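I opened the notebook for a quick look at helix packing and aromatic rings. Here is what I looked up.

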Amino acid sequence: MRILWLCNVIIPQIQKVIHQREGNSGGWLVDTFEQLMEEDVSLAYCAPLNDRKKITKAAYKKAVFYGFQTEKRKVYRYDQSLEKKFRIILDEFRPDIVHIFGTEYPHALAMVRSFHNPQKTVIHIQGLIFFWGGVYRAFLPAKVYYGVTIRDIIRLDNIALQKKKFDRRGKYEILALKGVKNVMGRTEFDKAATKKINPSLKYYYCPENLRKEFREEKRNWKKETCEKYSIFMSQGSYPIKGLHLALEALCQLRESFPNIKLYVAGYDLFTFKRLNKVLRTGSYANYIRKMIKKWELQKHVVFLGELSASEMIERYLNSHVYILPSVIENSPNSLCEAMKLGVPSVASDVGGVSSLLEHGKEGYLYPANEPYMLAYYIQQIFENDLLSQKLSQCAKERMDKMSNVKKNIECLIEIYQDINSSGKSQYL
């Protein structure tokens, strides 16, 4: 079989080949790509690349890479010129199947239209922008949702306008999903949401490999070695990740645990020492700053910056509790990584989260708009060592089963074979 992947990011091993600065992008795709090249398939990796050339081609082991030119400012708009670029790539590689990872960007629709073979196209759900836009307000006060900063005025991009961008991208997403016959995911939400958009879709359950660093980590979370009363969030830079809701829970918990700390991976939304950083501050970051100051949480919130996989592992293992306070998630890998390491976890019961974590057995679920319940479950873990150890063990056992690389690759190959057996190839 000849498989063409359309991805949103370039994985590090290909970044090295094309002499691009290597980052942490790609997540679980990195190892899946390597494993798939050991199978009886020919593989092409296609992704956006900011380059002067219309199409950049490179070889990596037995695979080929195609980078197509995009403009950063237009990445959320439909670029019809991509259809021509994709047809050039498709005519050269002649894939049996096109596997599109995510519908977050309009280039997914351009590939659907260019390949024009719904039976041999499969979309892998990574996030559903149409549903994200519907909850982007994330229980924020009206003055914050509609408020503006200097940065927002210059970029025409406050929270309300960000929602409109999500809504616009959601329309392209719907067209892409209506233009194919196959979709794959790993949660009930993936299935229900995509079937709502296109009832005729054939849904395939496909487990995802965790990053190699997490699968091979020998250490497990232990109450004795973690930082007592510490909480970890893996993201918090925009509203739907729910940092503002986590701060409400933190404020409540501080009364009982005066040494409590919340560690947040990613961009520092609080410390702005330079004027140019202040001028680049959006409405949400500004709101987070005000909340931290108002509730005097300066000593209780730590922003960690971007973390590598190994740094993430250290932070997970050093934390007393991992939390996922998002207002929407389809299949959060960060939760799976926490569970794989055995970190007691509390997550909002949204989207596909309940397909990954069983409430009361492997962690706790709570209603996203009730941060006092988040605080309640965190406190249960803080105060009960036997409970935290039980949650840890059950969570790890579940993820050990879900992260079986051999079985996961076999499942993916079986999906490809089933899709390949349906319909006719246009490259005969």
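I started with rings: those of Phe, Tyr and Trp (its six-membered ring) pair if their centres lie within 6.5 Å, and planes under 30 degrees apart count as stacked, over 60 as edge-to-face and the rest as tilted. By that rule I found 22 aromatic pairs in the structure. This is a predicted model, in which local features need pLDDT of at least 70, side-chain atom pairs count only at pLDDT 80 or more, and totals for chains, interfaces and linings use all residues. Residues are numbered from 1 along each chain as its sequence is written, and side-chain values use heavy atoms, with hydrogens and water left out.

I picked out Tyr78 and Tyr172: their ring centres are 5.8 Å apart and their planes at 40°, so this pair is tilted. I also noted one aromatic cluster, formed by Trp5, Phe33, Tyr45, Tyr60, Phe65 and Phe101.

Next I looked for charges over rings (NZ of Lys or CZ of Arg within 6 Å of the ring centre and within 35 degrees of the ring normal). Arg169 sits over the face of Phe166, 5.1 Å from the ring centre.

Last, I turned to helices (DSSP runs of H or I, at least four residues, numbered from the N terminus). Which residues of α3 meet α4? I listed Leu82, Glu83, Phe86, Arg87 and Leu90 in α3, against His107, Ala110, Met111, Arg113, Ser114 and Phe115 in α4, with contact meaning heavy atoms within 4.5 Å.

Definitions and conventions:
Helix = DSSP H or I, 4+ residues; strand = E, 2+ residues; numbered from the N terminus.
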